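Here is a friendly note for a colleague opening this structure for a first look. The points below can be read with the model on screen.

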Amino acid sequence: MKINFNLNGSDVELEISPEQTLLSLLRDKLGLFGAKQGCDVGECGTCSVLINDELRKSCLMLAVQVEGCRVVTIEGVSSPQGEPNDLQQAFLDHGSVQCGFCTPGMVLAGEAILKETLTPTRTQIREGIAGNLCRCTGYQQIVDAIEDTAQQRRTAVEEK
Amino acid sequence: MSNLSVLRVKSVQETLNLLAETDVTSKLLSGGVSITLQIRNGNLTCDRLIDISGVEELKSIQPVQINGKTFYQIGAGLSLSHVAKNSELKSKFPGLVSVIKTSSDPARLNAFTLGGLLTVKRNTGNLFPALAVLEAVIQVQNTDGEKLIPIMEWLTQVKKESSGLITAILLPDQSQTGWLVKEVKRRQMPGELIAGVVLCSVKDQNDVQSDLRLASVVDQFGVQRWTAIEEKINQAVAANDSFHSIMNDFDVQLQLRWGDGLDAQYRRQVLTALITRGLQEMIGSGEE
């Protein structure tokens, strides 16, 4: 069956199988390997994507469900030239990346938090990344990076 | 090539008509979590999926009058995160909203729909106990008409999945009576509980509590509303008595009901401790 959706800013029309998960579509058909295949049952969050600005786990949804939606993967977060955006840069600056396996999901969870509010508390940030597991960093640096980016974006808004 | 097909519907009536067709088996696709897991596990047994995510009738939140009583009707197609963000529900049912917000992680709160969880009877966090103490009613439609089924009756029906379409969850309007909802739980993973307890009661202007209600979820023992113990505790509260002897009796009853295996013993201890803690926080130490 055919589906139409917007992927990282571009409209796409694809032939899919009804049983195909969104994660499989992204990785196996479209070659977007930023969303990782981790636990495959929605526990780890490495497959996180944004659907209409909401955080979703692409292993826990069918590709057919994104018909008409805006889908953003980690590949759609960076600039067209491939430069990291401010949140990705903050992850680098704060040492929030160690093995890197959770990072795409963490960045997208961070983006989802920052779409809701630019004044998140550290508790809100921790709640926002509660579905994304990191076995390396202890989360502190990730929270720091998201908090720092919120501050930068707030300043940018205030300066406008 | 797969034989599974997906039909997108726009109305409740269209959904009911498709569900009534007997020559093909259908399942409903809303948030997609349960269906995706069934496909992965190889146990999806149907010819087609009916995608109800575009049915706007299933996404409203409004007060309704039924038999002279006011209920809040929450559309079954709403995700848990949408329910938790609704300003009217935040003010009318703050306890429920708080339970929902901590019932899972953000991505799954965006995916889970109330109707989906109730259709497959899959609890998350303390959601079902909270609906039980608030005496929620499930609104189910099929081609024969509409049925209103109390939540505990729905959850204890033997059939795992019911035919028909859950269109809404009705919550009796309790906003005028000073309801308190207290959640206590013991976590395994986010949203997955060994045991959870939700208590609620009415607190009047003089801080006197009455109509205490109690429900729990214990992983392999399911969701329970403890009406017998509620009655005894309400009597103890009214008489200003200790509730500790009631909890001892409760512990014995659980032992009879669940058996004495190691798992059951552990869960009995956890549940009894959680209820005791909840009662202490809610109505005081329980000491005379």
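1. Domain bounds here come from an automatic or database domain assignment. For chain B that assignment gives domain 1 (5-51), domain 2 (56-172) and domain 3 (179-283). Domain 2 of chain B and domain 3 of chain B have C-alpha centres 22 Å apart. Their contact, meaning heavy atoms within 4.5 Å, takes 20 residues from domain 2 of chain B and 20 residues from domain 3 of chain B.

2. A word on conventions before going further. This is a predicted model, in which local features need pLDDT of at least 70 and side-chain atom pairs count only at pLDDT 80 or more, while totals for chains, interfaces and linings use all residues. Residues are numbered from 1 along each chain as its sequence is written, chains are lettered from A and ligands numbered from 1 in the order in which they are written, and side-chain values use heavy atoms, with hydrogens and water left out.

3. Chain A is divided into domain 1 (2-75) and domain 2 (86-159). The C-alpha centres of domain 1 of chain A and domain 2 of chain A are 21 Å apart. Contact between them involves 17 residues of domain 1 of chain A and 15 residues of domain 2 of chain A.

4. Next, have a look at the sheet in chain A. Helices (H or I, at least four residues) and strands (E, at least two) are DSSP runs, numbered from the N terminus, and two strands pair if DSSP finds at least two bridges between them. In chain A, 5 strands make an open sheet with mixed pairing, in the order E2-E1-E5-E3-E4. Strand E2 (10-15) and strand E4 (54-57) of chain A are at the edges with a single partner strand each, so one side of each has no neighbour in the sheet. From one strand to the next, the twist averages 40°; axes are lines fitted to C-alpha atoms, for helices over the stretch in contact, and angles run from 0 to 180 degrees between N-to-C directions.

5. Helix H3 (residues 103-116) of chain A packs on this sheet, where it touches strand E3 (48-51), E4 and strand E5 (70-72) of chain A. The direction of the helix makes about 35° with that of E3(A). Elsewhere in the sheet, strand E1 (residues 2-7) of chain A pairs with E2(A) in the antiparallel sense over 6 bridges. A:Ile3 has A:Leu14 as its bridge partner in E2(A).

6. Strands E11(B) and E12(B) form it, with 3 residues between them. Strand E11 (residues 209-218) of chain B and strand E12 (residues 222-225) of chain B run antiparallel and are joined by 4 bridges. Opposite B:Val217 stands B:Val223 in E12(B).

7. Is B:Gln139 buried or exposed? B:Gln139 is buried, with a relative accessible area of 6% (buried means under 20%, exposed over 50%, partly exposed in between, with a 1.4 Å probe and protein chains only). This residue belongs to strand E6 (residues 137-142) of chain B. Leaving aside neighbours within four places in sequence, the contacts of B:Gln139 include B:Gln73, B:Lys147, B:Leu165 and B:Leu170.

8. Finally, the cysteines. A disulfide is a pair of cysteine sulfur atoms within 2.5 Å, and the count over all chains is 0. The sulfur of A:Cys47 has its closest cysteine sulfur in A:Cys59, at 3.7 Å, too far for a bond. Likewise, the sulfur of A:Cys102 is 3.8 Å from the closest cysteine sulfur, in A:Cys134, too far for a bond. A:Cys47 is buried at 3% relative accessible area, and A:Cys102 is buried at 10%.
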